Amino acid sequence: MSSYPPVKKPTQEAASSAHKIRIVLSSRKVPALETACKQLVAGAKNHDLRVKGPIRMPTKTLRITTMKSPCGEGTITFDRFQMRVHKRVIDLVSPSELVKKITSINIESGVDVEVTIADSA
């Protein structure tokens, strides 16, 4: 006798209709990004889907250094500008029909959404 419960294998219909879905959210504004992630995860959990995430990816920092003086004369002083791009990844396993229902939330401006669908097999 085994102490582990028997493993239930998914039926062919459920396995064929399920897809691995990766939603990548990126923004310069962290609060807007976090609220969009919370709404997506809450919508997926309402439909009883398997959810992984939001997974925080490393922040990309884009830096530009320029001289303050337009002609190059005078004291040599510089302006330093930077833009930080924050990224979150959410993985779902669901039928592709439910993706439209989940992603139909109102997302603030400045948040970029990229949805990738692949077969789970």
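Helix H2 (residues 30-46) comprises 17 residues, which at 1.5 Å a residue should span 24 Å, and its end C-alpha atoms lie 24 Å apart, in agreement with that value; the expected span is 1.5 Å times one less than the number of residues. Helices (H or I, at least four residues) and strands (E, at least two) are DSSP runs numbered from the N terminus. Within H2, the buried residues are Ala32, Leu33, Glu34, Ala36, Cys37, Leu40, Val41, Gly43 and Ala44, where buried denotes under 20% relative accessible area with a 1.4 Å probe, protein chains only. Just after H2, Asp48 adopts a positive phi of about 60 degrees.

The model is predicted, with local features requiring pLDDT of at least 70 and side-chain atom pairs counting only at pLDDT 80 or more, whereas totals for chains, interfaces and linings use all residues. Residues are numbered from 1 along each chain as its sequence is written, and side-chain values use heavy atoms, with hydrogens and water left out. The mean pLDDT (the predictor's confidence in each residue, from 0 to 100) of the protein chain is 85, and 88% of its residues reach 70 or more. Confidence is lowest in helix H1 (residues 12-17), with a mean of 51, and highest in strand S2 (residues 50-67), at 94. Over residues 11-15 the pLDDT is below 50, and this stretch has 1 contact (heavy atoms within 4.5 Å) beyond near neighbours in sequence.

The protein chain contains 3 helices and 4 strands, arranged from the N terminus as α-β-α-β-β-α-β. Of its 121 residues, 25% are buried.

Conventions. Buried < 20%, exposed > 50% of the residue type's maximum accessible area, 1.4 Å probe, protein only.
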